[in-house]
Amino acid sequence: MYKRSYITTPIFYPNARPHLGHAYTATIADILARYRRAVGDEVYFLTGVDENTEKVARAARAAGQETGAYLNTVVSSFKDLFSEKKLNISYDQFIRTSDEKVHWPGAQALWRKLVEAGDIYPSSYEGLYCVGHEAFVTEKNLVGGKCPDHNEAPQHLKETNYFFRLSKYTKEIKKRIECAELQIIPEERKNEIIALLERGLEDVSFSRPSDKVSVGIPVPDDSTQKMYVWCDALTNYISALGYGRDDELFRKFWPADLHIIGKDILRFHAGIWPGMLLSAGLPLPKKILVHGFITSGGKKMSKTLGNVIDPDTLIEEYGGEAVRYFLARHISPFEDGDITLTRFKETYNADLANGLGNLVARILQMSSQCFEHPVDLSEKRKPFSVSQYIEKFELNNALIAIWSDMSVLNDFIQENKPFDVIKTDKKKAQLQISYLVKELFRIAEILELFMPETSKKIKEAIQQNKKPENLFPRK
Ligand SMILES: [Zn+2]
């Protein structure tokens, strides 16, 4: 059935070059977007960056650059990583929240809706503010007076802010999640948010005094305040579709089918965001897929430990397609995953160089010997054989299934030895080899989701009936 499908990544913090976590989120979002397109949906795929933050302003100052120039540089490095020659992320829009034309009207329109609903009120706020967190932190979370995550002492702040009446929506959000109108995947994360909702949500600070922050969207009708992160950042999902300016795309694609997020921002997406949408009378997203973190050698990646794996380094050595493969095959979308350079190399050699690359070379070698013309591929092929996994976001299992299809072909070659049969019974060899070529073509079509360039190269080689270049040279 024809469907419209709106898929998003979170907007990433451009306070440094993109890391492997960004590569992961973007890659799984891209695979799912490609899947929905392959089954015939009209897809809109959004990614972007969260720019209006003190963290970014501070990173710019530390780099001795003006914020705008700094942002342009970092944004280029994200776009470069997502480009066709690297991770090949097929997004439709890359939103920048500093964009006053694209993003700001939507954030301001939503703010007005919350005001109309009577859910925005001024109140004074006093607390400890961690700049690294961009959030107020509590005394009991500090170690030796410092935030343990950012190793710095929080600032004591007392100020008048606008608050959003999130508490009012606790029950309704819980109900929508429990009845799966808003699905939180996996179950463990759903239980986590339900437990939080059972304790009740508190109203949240929604603005900061304009003179205390260097960047941010002005609060409508009050120039003394700028929006705090929630109404600014979360709104990107609808402002990107033109909410508050030209809402044709918004009417077409909202509500989102899928927000893909990391587990650290679950509370914002399954608590504050639905609250804002309910207040504004807008439909809630249908699904939120919450993935874990990527560790290296069992530890969080950090400069001090020296275990940081840069996506660009991997891409330089192995190519973007191999990185996409590793992330989809070996990092589960539901829990934390681990990567080491050794494991990456082993996987590359076993699954891609010796596995896929070798099989393609063998089959096309035989095919080009046996046939003068390309094998006829016009007959109707089986529908997508991995849908059952991908619909449940089990990308790793989808790839396991594809690789098991490949080993069926390897076994077939082993048992029937078409390369020998060709010498004695050409007709029989042709039947065997055309079966292999058709199966390989089918596999290549599914691989489009995971390794679009490789898929293209295999299909072209089949259509031209010639051996392709070495797809994955051994490392
Ligand atoms: Zn902190």
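Select P209 first: opposite this residue stands Q225 in β11. The model is a predicted one, in which local features need pLDDT of at least 70, side-chain atom pairs count only at pLDDT 80 or more, and totals for chains, interfaces and linings use all residues. Residues are numbered from 1 along each chain as its sequence is written.

Next, display β9 together with strand β11 (residues 222-227); they pair in the antiparallel sense over 3 bridges. Two strands count as paired if DSSP finds at least two bridges between them, and strands (E, at least two residues) and helices (H or I, at least four) are DSSP runs numbered from the N terminus.

Now select helix α5 (residues 170-178) and helix α10 (residues 266-279), which pack at an angle of about 105 degrees with their axes 10 Å apart. Axes are lines fitted to C-alpha atoms, for helices over the stretch in contact, and angles run from 0 to 180 degrees between N-to-C directions. α5 is therefore roughly perpendicular to α10 (65 to 115 degrees). To see the contact (C-beta atoms, placed from the backbone, within 7 Å), highlight E172, I173, R176 and I177 of α5 with A270, G271, P274, G275 and L278 of α10.

Finally, move to helix α12 (residues 320-330) and helix α13 (residues 341-370), whose axes come within 11 Å and cross at roughly 95 degrees. Here A322, Y325, F326 and H330 of α12 meet F344, T347, Y348 and L352 of α13.

Terms used:
Contact = placed C-beta atoms within 7 Å. Parallel < 35°, antiparallel > 145°, perpendicular 65-115°, else oblique.
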